[in-house]
Amino acid sequence: MLDALSKLAQKVGISNLAGGGALIVVLIFLTALVFTWRFIPGVRDFAIRVGWADLPNERRLNTLPLPNAGGLAIFAGFVVSVVVAWALRPIVIQDVQIQMLAILLGATILVLTGFIDDQFGLSPLFRLCVQLLCALLLVVNGLHIDFNSIPFLPHVSGQLNQPLGIAVTILWVVGLTNAMNLLDGVDGVVGGVSFVASVVLLVTAAQFPDRAAAVLLLAGLGGSALGYLRHNYNPSRIIMGDAGSYLFGYTLAAVSMLGTLKFSVGASLLVPLLVMALPILDTTQVVVGRLARGIRNPLGHPDKTHLHHRLLAATGQARRTALIMWLVALLCGVIGMIVQGVPPLAIGVTVILIAACLWFVAYRRVRAQDREAAALQGSEKVGMPESR
């Protein structure tokens, strides 16, 4: 029986079922999930008291002020999970310690920048400069793309490889950071897409014994996304703001360069590109459309041409829109795992796990909303004068 379970675990990507590595990954995931889940209500109450909220306007779907400090809770859950990972697997992290510190420092700067922008507003140029700085922070600490590893592009000489690789790295990090930010327009979309991407990349990285540090970071990021989604599925009680979307975009971009997917020289970027195809496609079509309309600064002129806005107009329901976006993200992830060569059993288990987790948090949010509506209706009845 144990031998059969061990062989099954190896097919899924767990090399040693009895070694504790899989349990540690689960523990890190649950730590981020539970901490974020439980921490958000307190953050929401404080945000309401101090006025950290998005006011209704022609672009936003909320009709009442909505707390926008969810990104702080997500970041807190992620950091707590990283501390747990550092305590439980110090040897695994030691080899990439400087890169992990660079990722955390860059994420911290972007979360702070996004939060300030949410509350007071920052110019697009300032935000772009900060994003470039955080991308360069990764480069100088050894996290960059080898240009010659990019599929479908010609190989270049060694003198050109490094500067071109640095340029592609900056474009990758800044582009994905903004792509996740632009995707955040309907309740539950970015949280669900980030969770799907984190788990898919985690399972992909787990196929290789030298990708343990990436697995730990992705477990924490996925758990934080799922914990937040419990409060953000429509009707949302809190939103992540730029702080949260910057965190997800930047961290996923950085972790994809942490040795996660370099199973061969020719596919080091193909898999994360496929997994993150949805936000990349959305940003591309929005930017091209705005440029075609004569808008010189496409990132500084928000509109309702995003994929989620068009889906919302077609479906008329935020919940259905989020579910479709999750499904598309999962499909892209499955294609990425197939390209990676992940065993079919591991792909099937991943799909079931992702679907079960998303259903669970969505169900809990809907149940909570029903209870809130019933309590509100009951209080209104109590306050009504008796009829004669």
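In which helix do Trp-359 and Tyr-363 both lie, and how many residues apart? Both lie in helix 15 (residues 344-383), four residues apart, which is about one turn of the helix. The legends below begin with the basis of the model.

This is a predicted model, in which local features need pLDDT of at least 70 and side-chain atom pairs count only at pLDDT 80 or more, while totals for chains, interfaces and linings use all residues. Residues are numbered from 1 along each chain as its sequence is written, and side-chain values use heavy atoms, with hydrogens and water left out.

Figure 1. Helices (H or I, at least four residues) are DSSP runs, numbered from the N terminus. Rings of Phe, Tyr and Trp (its six-membered ring) pair if their centres lie within 6.5 Å; planes under 30 degrees apart count as stacked, over 60 as edge-to-face and the rest as tilted. The ring centres of Trp-359 and Tyr-363 are 5.1 Å apart and their planes are at 10 degrees, so this pair is stacked. Buried means under 20% relative accessible area, exposed over 50%, and partly exposed in between (1.4 Å probe, protein chains only). Trp-359 is exposed at 56%, whereas Tyr-363 is partly exposed at 36%.

**Figure 2. The aromatic pair Tyr-233 and Trp-326.** By the ring rule, the count comes to seven aromatic pairs. In this one, the ring centres of Tyr-233 and Trp-326 are 5.6 Å apart and the planes are at 35 degrees, so the pair is tilted. Because Tyr-233 lies in the loop between helix 9 and helix 10 and Trp-326 in helix 14 (residues 318-340), the pair ties together parts that are 93 residues apart in sequence. Tyr-233 is buried, with a relative accessible area of 5%, and Trp-326 is buried at 4%.

**Figure 3. The cis peptide bond between Asn-234 and Pro-235.** Omega for this bond is about 0 degrees. Most peptide bonds are trans. Pro-235 is found in the loop between helix 9 (212-232) and helix 10 (241-260).

**Figure 4. The salt bridge between Arg-127 and Asp-117.** A salt bridge is a side-chain nitrogen of Lys or Arg within 4 Å of a carboxyl oxygen of Asp or Glu. The structure holds one salt bridge. Arg-127 lies in helix 6 (residues 124-140) and Asp-117 in helix 5 (residues 97-120), ten residues apart. The closest N and O atoms of the pair are 3.8 Å apart. Arg-127 is buried, with a relative accessible area of 16%, and Asp-117 is buried at 12%.

**Figure 5. Phe-195 in the largest nonpolar core.** A nonpolar core is a set of buried Ala, Val, Leu, Ile, Met, Phe, Trp, Tyr and Cys residues joined through side-chain atoms within 4.5 Å. Of the 106 residues in the largest such core, Leu-138 and Phe-195 touch the most other members. Contact means heavy atoms within 4.5 Å. Leaving aside neighbours within four places in sequence, Phe-195 has contacts that include Phe-29, Leu-226 and Ile-354.

Figure 6. Thr-251 is buried, with a relative accessible area of 0%. Beyond its neighbours within four places in sequence, Thr-251 is in contact with Phe-78, Ile-103, Ala-107 and Leu-221.

Definitions and conventions: Helix = DSSP H or I, 4+ residues; strand = E, 2+ residues; numbered from the N terminus.
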